[in-house]
Amino acid sequence: MDSEEFRQRGREMVDYIIEYMETLGERRVTPSIEPGYLRELIPKNAPNKGEKWKEIMSDVETKIMPGVAHWQHPRFHAYFPSGNSFPSILGDMLSDGIGAIGFSWAASPACTELETIVLDWLGQMIGLPQEFLSFSDGNSKGGGVMQSSASECVLVSLLAARAQKIKELKVVHPFTEDGVLLSKLVAYCSREAHSCVEKAAMIAFTKLRILEADEDLSLRGATLAKAIEEDRALGLVPFFVSATLGTTSCVSFDNLAEIGPVAKEAGAWLHVDAAYAGNAFICPEFKYLMEGIEYATSFNTNPNKWLLTNFDCSTMWVKDRFKLTQAMVVDPLYLQHSHSDKAIDYRHWGIPLSRRFRALKLWFVIRNYGVEGLQNYIRQHCRLAKRFELLVKADERFEVCNNVRMGLVCFRVKGEDQLNRKLLSKINASGKLHMVPACIHGRFVIRFCVCAQDAKDSDIEYAWKVISDFATELLDDESVDEKSQIKLTNEEANDEEFVQHVGNLEISELIDLMEKVQFPMQKNHSKPGSWFKQLGTRVRRMVKNSNPH
C-alpha cells in the first residue's frame, strides 16, 4: 500500500467506523456463535502473496463482525464502560503514524514530556494532593505515569512496596537472605477488591490476607488494624494495603479516612485503586468519596473506562517516584543518555521497556471536550443510572442491592438465586441486552451499568422493558411449574390425587400443562375421569423419559 492508496483507504476506514457507530443499534449486541467459529472461516495458512484491500475489508464484515461483542452498543450494560470517542481514535491514529517507542526522554522527548504534563492535568482535575503532581513545586518527588491497565498499576505498586520493605528490613537484619525476609511480608485487601490484587500477590510471592467488608461493603479501619495486630503477633510484616474506591461488583467505597492512619502506623504502602469511580472525581459533587486520600502512597484510575479514552490508558500517580523506580531500574549502557539526571525515563516506572505515545489521545480528549464536557458526560451516566434505579424500585417484584451513587445499579428479582440466574441467562441469550452478574452479601445479583457514550433515557426505558418482560414470562412459567408439581415418580402414581390436582388448576394453567406434554385437545369427553387418567399417563411418561435413572 503506497501513500496514495493509504489516503483513500484511510478515508474509507473513517467512513466505515462512522457508519459502524451510527448503525450499531441495528446489530445484535453480542454474537450468536460458538467457540472456534472463526477457525472454519479463515484459511489455515497465511497468503503467500498480498491480497486486495477490498477483499480484506469484505472479510471484516462477513467473518470478524459476526464474532464481535459490541461494547459501544446502546444495549451493552455489562462490566464498565469501554472508553471511546472520535478525538481519542484520532490520537491513537497519530500515535501509530508517528510510531515512536518512548522508553526514555531521549527516545522521544515529546512522548515523555506530554505524558508528564497530561498526568498533572488529570491529577489536578481529580483533586489529588499536590504531592502526587510532578510540577507542584520545584522539589516535588511525585508524579504520574500511564500503564496498560489497573492490574498493572496494582502489580507495580505492590512490587515497589515489596522492594521498599525488604530494603528497610535489610537495615535491621543485614545478614538475612532476601527470600527469608520475603516470606514474612503480608499484604491486605478487602474481599470486594478486584482479583488483580490477588494475582499481583501471586506474582510477587507474597502473602495476601483478604478481609471482610462491612454491611455497606466497605473495608473499615478497625478490621485492618485487627488483622495487622494478629499478623504481627505471628512474626509477619505488613507491607502493602490495597484500598478500593468504586469496587467492581457494586461500586462500594473503602473507608480511606480510617484505613489510612492504620496503614501509616504499620509502615505499609497504601495503594488506592479507583479504576472506574476515580474518573468521576473530576466532578466536585463526588470528591467527598476521596476523604483520606492524603494517606495514599499511590493512586490509579482508568480514563479508558469512563473518560472517553480508548484502551489502553490507565493512569497512576505516586507521592515518591524514587521509591517506585528503585524497584524497577535496570540501566544497560545502550539505554543511557546524557539528560538522564534531569529528565524522566518512564521505562523505570513500570514493567515494559517499550511505550506507545498514549498521552496524545488523552490530551486530545481533554482539550476537545474540556473539563466541563467530561463532567457533563459523567453526570449524564449517573442520572440515567438513578432513573433505572427508580424503575426497579417501582416494581415490587424486584429489589435494588447497592447504593447507587454512580453509573451502576445492582438488582435482582425477589426470590432464589437460581431464578435470577435464569433471568440473566434468558436476557443475554436473546441478544437484546447484555449484562453480567455479581455476588453481594452471598446473593446473586445482576449488574446494570450505563456504558454507551451517548446513552439516552430511551435506552434505559428499552432496557427496563426487556428486563420486565422476561421477568414476567419467567415468573409465570415458575408459577405454572410450581402448581404443576405432583408425585409422578412411577406408574403407580395415585390417579385420584392427579385428578384432584388438575381439577384445582386454572384454565390457562391446564392448557399450559397440556401443551408441555403435547396432549391433544378434544371437544367432547364422555368420561372426564378417563380423560384425566390419559393426561396423567402422558405426564408420567414425560417425567420418566426425562429422568431415566
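Trainee: Is Asp-59 buried, partly exposed or exposed?

Mentor: Asp-59 counts as partly exposed, because its relative accessibility is 30%. Buried means under 20% relative accessible area, exposed means over 50%, and partly exposed lies in between (1.4 Å probe, protein chains only). A word on the source: this is a predicted model, where local features need pLDDT of at least 70, side-chain atom pairs count only at pLDDT 80 or more, and totals for chains, interfaces and linings use all residues. Residues are numbered from 1 along each chain as its sequence is written, and side-chain values use heavy atoms, with hydrogens and water left out.

Trainee: Which side chain does Asp-59 meet in a salt bridge?

Mentor: That of Lys-63, at 3.0 Å, N to O. A salt bridge here is a side-chain nitrogen of Lys or Arg within 4 Å of a carboxyl oxygen of Asp or Glu. Side chains of opposite charge can pair when their charged atoms come close.

Trainee: Where do Asp-59 and Lys-63 lie?

Mentor: Both are in helix α2, residues 53–64. They are four residues apart, about one turn of the helix. Helices (H or I, at least four residues) and strands (E, at least two) are DSSP runs, numbered from the N terminus.

Trainee: And Lys-63, buried or exposed?

Mentor: Lys-63 counts as buried, at 19% relative accessibility.

Trainee: How many salt bridges does the structure hold?

Mentor: It holds 33 salt bridges. Take Lys-361 and Asp-92, whose side chains meet at 3.4 Å, N to O. Lys-361 lies in helix α12 and Asp-92 in helix α3, so the pair ties together parts that are 269 residues apart in sequence.

Trainee: What are the relative accessible areas there?

Mentor: Lys-361 is buried, with 0%. Asp-92 is buried too, at 15%.

Trainee: What about Asp-312 and Arg-358, how do their side chains meet?

Mentor: In a salt bridge of 3.0 Å, N to O. This pair links distant parts of the chain, 46 residues apart. Asp-312 sits in the loop between α10 (303–306) and β7 (314–318). Arg-358 sits in the loop between α11 (321–325) and α12. Both Asp-312 and Arg-358 are buried.

Trainee: Which residues do shared partners join into one network?

Mentor: Asp-92, Asp-312, Arg-356, Arg-358 and Lys-361.

Trainee: New topic. At what angle do α4 and α12 pack?

Mentor: About 25°, with their axes 10 Å apart. Helix α4 covers residues 109–126 and helix α12 residues 359–394. Axes are lines fitted to C-alpha atoms, for helices over the stretch in contact, and angles run from 0 to 180 degrees between N-to-C directions.

Trainee: So what do we call that arrangement?

Mentor: α4 and α12 are roughly parallel to each other. Angles under 35 degrees count as roughly parallel, over 145 as roughly antiparallel, 65 to 115 as roughly perpendicular and the rest as oblique.

Trainee: Last one. Which residues form the nonpolar patch on the surface?

Mentor: Val-14, Ile-18, Phe-86, Leu-90 and Met-93, with about 430 Å² of accessible area together. Patches take residues with over 30% relative accessible area and no salt bridge; like charges are joined within 9 Å, nonpolar side chains (Val, Leu, Ile, Met, Phe, Trp, Tyr) within 5 Å. Accessible areas come from the Shrake-Rupley method with a 1.4 Å probe; for residues, only the protein chains shown count as cover.

Trainee: Which helix gives the largest share?

Mentor: α3, with three residues. Leu-90 is found in α3, and Leu-90 is partly exposed at 46% relative accessible area.
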